[in-house]
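Dear colleague,

My notes on it follow.

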Amino acid sequence: MNLRVKALVGGALLALTVAACGGEGAGGGTEESAPPEDRTIGVSMPTQTSERWIADGDSVREQLEELGYQVDLQYAGDDIPTQSQQVDQMITQGADVLIIAAIDGTALSSQLQAAADADIPVIAYDRLIRDSENVDFYVSFDNYRVGVAQAEALLTGLGLLTADGQPGEATGPFNVELFAGSLDDNNAHFFFDGAMDTLQPFIDDGSLAVKSGQAEIEQVAILRWQQETAQRRMEDLLTSSYNDGSRVDGVLSPYDGLSRGIITALQNAGYGAAASPMSVVTGQDAEIASVKLIDDGVQNSTIFKDTRLLAEQAVAAAEAFLAGEEPEANDTETYENGVKVVPSYLLPVETVYADDIAPLLVDSGYYTAEEVAAGQTD
């Protein structure tokens, strides 16, 4: 069994967060007495190009299988029609619950209607599914707080803040550039809003300057979170806005894959050499390749979102629906999907700097020290 799941399956068994309020989700038509081995959970993940989503899929599958359920796990290769077809197939083959991390949060309306018609509850996994009333629950992290944490890490790396959030000794001005995720991912907007609400006072007082002038999410978004696209954009920024000898002091990056593309562009331009230190580059998801870069002093930080715990909450929600109950929500106000406020369970996040790798990632069993040193998982 995967090391990342062993320690938490027991917790999933003991801490299935079910509010026994007797309500029913969309899956009220399922037979509550059916044993787990007679239940199938459809799990739709967006891509295998990101190690984060592979880890999520593995965690959800392994925790569900440990409890005895049949699991239909599918990856869609970042292709919207493929994901639509896979979800359609899960429905026609009789899935009892669907757990969906959508590629495009607006592209599954017909599939969700079909699920509702078949009394199949739908759990949106980390990415909110929009513009449909047929989303029964949402499990995620505090995505606005992720953006705040990324911005605070950038400010800390530049010396404008101390590690405990107090004003630092640096005054700037520092040149920074901004990146955001894919516009069709609802989380990208929360990340960017949290970051910009945190950075804006420093931009207003002149401590930070966005030299390119590109500060709107539509200008800085990276479709499908692609590393190569981020690298090209960073290269274009260096050519167009930094050809006068000025430096990029920091880069707000919302995801480790983008961070690695940004870092490659900077390294190709001479950053990271003795005469030209690497820019402060943030990240998210604690991907092992980026954790090694942080350990090596190349990337500044990442945001750790423990996918084991997220999978645990998805499993808990599925179990609640199958029992004819409502999952426990700790947020019933924030996540309005254009049609309804989707009850949600939000998990906390941690900022990882070099000194945090051992206590947060290794000691918790998320990675081994050998994996960190190698920059890849076994």
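In which helix is glutamine 111 found? In this predicted model, glutamine 111 belongs to helix α4, which covers residues 109–117.

Is glutamine 111 buried or exposed? Its relative accessible area is 5%, and the cut-off for a buried residue is under 20%, so glutamine 111 counts as buried. Beyond the residues up to four places away in sequence, glutamine 111 touches Ser84, Val87, Asp88 and Ile91. With one of these, aspartate 88, glutamine 111 also makes a polar contact, side chain to side chain, at 3.1 Å.

Helix α5 takes in residues 143–158. At 1.5 Å a residue, its 16 residues should span 22 Å, and the C-alpha atoms at its ends lie 23 Å apart, so the two values agree. The buried residues of α5 include Asn143, Gln150, Ala153 and Leu158. Just after α5 comes glycine 159, with a positive phi of about 90°.

Helix α11 (residues 307–322) likewise has 16 residues. From the first C-alpha to the last, α11 reaches 22 Å, close to the expected 22 Å. How many of the residues of α11 are buried? The count is 15 of 16, and α11 is thus mostly covered.

**Backbone features in the loops**

- The peptide bond that runs from glycine 172 to proline 173 is cis, and its omega is near 0°. Proline 173 sits in the loop between α5 and β7 (174–178).
- Aspartate 126 is not a glycine, yet it has a positive phi of about 65°. It is located in the loop that lies between β5 (122–125) and β6 (137–141). With 2% relative accessibility, aspartate 126 is classed as buried.
- Tryptophan 225, also not a glycine, has a positive phi of about 60°. The loop in question lies between α7 (217–220) and α8 (227–241). Tryptophan 225 has a relative accessible area of 12% and is buried.

Where is serine 50 found? Serine 50 is in the loop between β2 (40–45) and α2 (51–66). A relative accessible area of 6% places serine 50 among the buried residues, for which the cut-off is under 20%. Apart from neighbours within four places in sequence, serine 50 is in contact with Tyr255 and Glu287. The side chains of serine 50 and tyrosine 255 are joined by a polar contact of 3.2 Å. By contrast, glutamine 70 is 20 residues from serine 50 in sequence, and their C-alpha atoms are 25 Å apart in space.

The largest pocket holds about 390 Å³ of space. It is lined by 27 residues, of which Ser50, Trp53, Arg224, Trp225 and Tyr255 are the closest to its centre. Two or more lining residues come from each of α2, α6, α8 and α9 (256–268). Which element gives the largest share of this lining? It is α2, with three residues. By class, the lining of the largest pocket comprises 13 charged, nine polar and five nonpolar residues.

**The cavity**

Rolling a probe the size of a water molecule over the atoms shows where empty space is left. How many cavities of 30 Å³ or more are counted? The count is one. The largest cavity contains about 40 Å³ of space. Its lining is made up of Gln150, Phe179, Ala180, Gly181, Ala188, Phe191, Phe192, Ala195, Leu252 and Pro254. Helix α6 (residues 186–204) contributes the most to this lining, with four residues. The lining of the largest cavity has eight nonpolar and two polar residues, and no charged ones. Gln150, one of the lining residues, is also one of the buried residues of α5.

With kind regards

Terms used: Residues are numbered from 1 along each chain as its sequence is written. This is a predicted model: local features need pLDDT of at least 70, side-chain atom pairs count only at pLDDT 80 or more; totals for chains, interfaces and linings use all residues. Side-chain values use heavy atoms; hydrogens and water are left out. On a 1 Å grid over the protein atoms alone, a cavity is a set of points where a 1.4 Å probe fits but cannot get out, and a pocket is an open set with protein on both sides within 12 Å along at least five of seven lines; lining residues have an atom within 4 Å of a point. Grid points are joined across faces, edges and corners, and a volume is the space filled by probe spheres set on the points. Ala, Val, Leu, Ile, Met, Phe, Trp, Tyr, Cys and Pro count as nonpolar, Asp, Glu, Lys and Arg as charged, and the others, Gly among them, as polar. Buried means under 20% relative accessible area, exposed over 50%, partly exposed in between (1.4 Å probe, protein chains only). A polar contact is a pair of N or O atoms within 3.5 Å; within protein, one must be able to donate a hydrogen and the other to accept it, and residues adjacent in sequence count only if both atoms are side-chain atoms. Contact means heavy atoms within 4.5 Å. The expected span of a helix is 1.5 Å times one less than its number of residues.
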